[in-house]
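User: I would like to go through this structure with you step by step. Could we begin with the overall layout and then move to the details?

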Amino acid sequence: MLLVFDVGNTNIVMGTFEGDELSFSWRMSTDKDKSSDEYVILISQMLQYQDIKPYMIDDVIVSSVVPDLMYSLEHAIRKLFKLMPLLVEPGIKTGMDIQYDNPKQVGADRIVNAVAAFQKYAGPLIVVDFGTATTFCAIAEKGNYLGGTIAPGIKISSDALFQKAAKLPRIDLVKPGQVICKNTVNSMQSGIIYGYVGLVEHIVNKMKKELSPDAPEKVKVIATGGLSTLISSETEIIDMVDKTITLDGLKIIYDLNSQDREKEIPPEMLEG
Ligand SMILES: Nc1ncnc2c1ncn2[C@@H]1O[C@H](COP(=O)(O)OP(=O)(O)O)[C@@H](O)[C@H]1O
Ligand SMILES: CC(C)(COP(=O)(O)O)[C@@H](O)C(=O)NCCC(=O)O
Ligand SMILES: [K+]
């Protein structure tokens with residue numbers, strides 16, 4: 001069984017693959033202050049909940065955009081599964097030509113999403129990930145990763161209003177149904193949610209034209225991330241919501257790299 005981890009700034013998503021099937025997935029909050037022992041307990045309890053024992057895990061792959069957490073998480077994985085996890089980092093095979101000025105700068109989650117989206121849906125396409133930040137990535141017809149856009153996430157945008165304006169409360173991200181709103185909470189909900197729909201439609205429309213000037217209508221738009229359904233239910237511009245795309249991408253990248261992989265823990269790294 002393969003265990004995959006997608007470490008985002010808000011959540012760590014963990015999944016198991018049996019063959020090509022994603023069998024289970026779990027979500028835990030990202031906490032940079034947790035020790036490796038705490039991660040050992042948390043991960044083993046989550047697996048145990050589905051009757052999975054550590055010895056049943058054959059290998060582990062991790063994609064992370066939170067460097068501070070990696071020391072504890074990697075340690076925990078070594079302790080629990082007695083192996084070195086495969087990390088999505090520069091040098092790993094992705095099968096994708098990354099056309100960023102500095103390819104090492106692109107968030108690993110964006111690359112993983114792009115790899116899976118291209119394999120599942122073919123190019124040209126745009127992947128929108130509604131996470132802590134909202135990322136838009138453009139993938140050309142032949143599968144080159146062309147780059148994209150990073151916007152402030154929906155939740156952090158609404159939290160900023162609450163933190164910076166004395167009379168604005170924390171709100172639930174629920175659609176108020178109209179934009180002429182008659183109270184503070186609904187007015188803020190309208191600004192965040194309908195405003196965000198406008199942001200997404202504008203960026204996607206511009207991106208489609210840059211990506212495919214002759215046939216922008218050919219570009220598929222795939223959304224993922226915690227808050228993707230909130231926006232996709234309010235716009236026609238998103239063709240498909242695929243919540244498991246990051247986990248699927250990790251499985252694809254694992255398969256590309258599993259052949260020549262050295263997973264044994266070097267003797268000098270073994271715990272005493
Ligand atoms: N299943 C869910 N339903 C509703 N909101 C969610 C869900 N999962 C995550 N969220 C919210 O979506 C936002 C982004 O979460 P997530 O996609 O996990 O971000 P990241 O990948 O940056 O860790 C967070 O504000 C989180 O609270
Ligand atoms: C843009 C991100 C913060 C998104 O992370 P997330 O919202 O999934 O936690 C992450 O992909 C990242 O740190 N990227 C590095 C910068 C870049 O992609 O150009
Ligand atoms: K993410």
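**Domains, ligands and strands**

Analyst: The centres of domain 1 and domain 2, taken over C-alpha atoms, are separated by 29 Å. Please keep in mind that this is a predicted model.

User: Which residues belong to domain 1 and domain 2?

Analyst: Domain 1 covers 2-91 + 252-269, and domain 2 covers 122-241.

User: How many residues surround ligand 2, and which are the closest?

Analyst: There are 14 residues around ligand 2, and the closest are Gly-8, Asn-9, Gly-107, Gly-131 and Thr-132. Helix H3 and strand S7 (133-139) are the elements that give two or more residues to this shell. By class, the shell consists of 4 nonpolar, 7 polar and 3 charged residues.

User: What about ligand 1: which residues are around it?

Analyst: The residues around ligand 1 include Gly-8, Asn-9, Thr-10, Lys-155 and Leu-227. In this shell, 1 residue is nonpolar, 9 are polar and 1 is charged. Domain 1 and domain 2 each supply at least three residues to the shell around ligand 1.

User: Changing topic: is Asp-109 buried or exposed?

Analyst: Asp-109 counts as buried, because it has 27 C-beta neighbours inside 10 Å, and the cut-off for buried is 20 or more. Asp-109 is part of helix H3, which spans residues 108-121.

User: What does Asp-109 contact, apart from its neighbours within four places in sequence?

Analyst: Asp-109 is then in contact with Asp-6, Gly-8, Ser-63, Val-65, Asp-129 and Thr-246. Ser-64 lies 45 residues from Asp-109 in sequence, while their C-alpha atoms are 6.8 Å apart in space.

User: How many residues does the largest nonpolar core have?

Analyst: The largest nonpolar core has 64 residues, and those with the most contacts inside it are Ala-114, Ala-117, Ile-126 and Val-128. Domain 1 and domain 2 each contribute at least three residues to this core. Not counting residues up to four places away in sequence, Ala-117 touches Leu-125, Val-127, Ile-139, Ile-222 and Ile-245. As background, nonpolar side chains tend to be buried together in soluble globular proteins.

User: Which way do the residues of S6 point?

Analyst: Leu-125, Val-127 and Asp-129 point one way from S6, and Ile-126, Val-128 and Phe-130 point the other way. In a regular strand, side chains alternate between the two faces of the sheet. Strand S6 (residues 125-130) is mostly covered, with 6 of its 6 residues buried.

User: What does S6 pair with?

Analyst: S6 pairs with S7 in the antiparallel sense over 6 bridges, and the two form a hairpin with 2 residues between them. Within this pairing, Ile-126 has Ala-138 in S7 as its bridge partner. S6 also runs parallel to strand S9 (residues 220-224), to which 5 bridges join it. Val-128 stands opposite Ala-223 in S9.

User: One last topic: in what order do the strands of the open sheet come?

Analyst: The open sheet has 5 strands in the order S3-S2-S1-S4-S5, with mixed pairing. Strand S3 (21-29) and strand S5 (86-87) are at the edges with a single partner strand each, so one side of each has no neighbour in the sheet. S3 pairs with strand S2 (residues 11-18) in the antiparallel sense over 8 bridges.

How values were computed. Residues numbered from 1 in each chain as written. Chains lettered and ligands numbered in written order. Predicted model: local features only at pLDDT ≥ 70, side-chain atom pairs only at ≥ 80, totals over all residues. Near = placed C-beta within 6 Å. Nonpolar A, V, L, I, M, F, W, Y, C, P; charged D, E, K, R; others polar. Domains from an automatic or database assignment. Core = buried A, V, L, I, M, F, W, Y, C linked by C-beta atoms within 7 Å. Buried ≥ 20, exposed ≤ 12 C-beta atoms within 10 Å, placed from the backbone. Contact = placed C-beta atoms within 7 Å. Pairing = 2+ DSSP bridges. Helix = DSSP H or I, 4+ residues; strand = E, 2+ residues; numbered from the N terminus.
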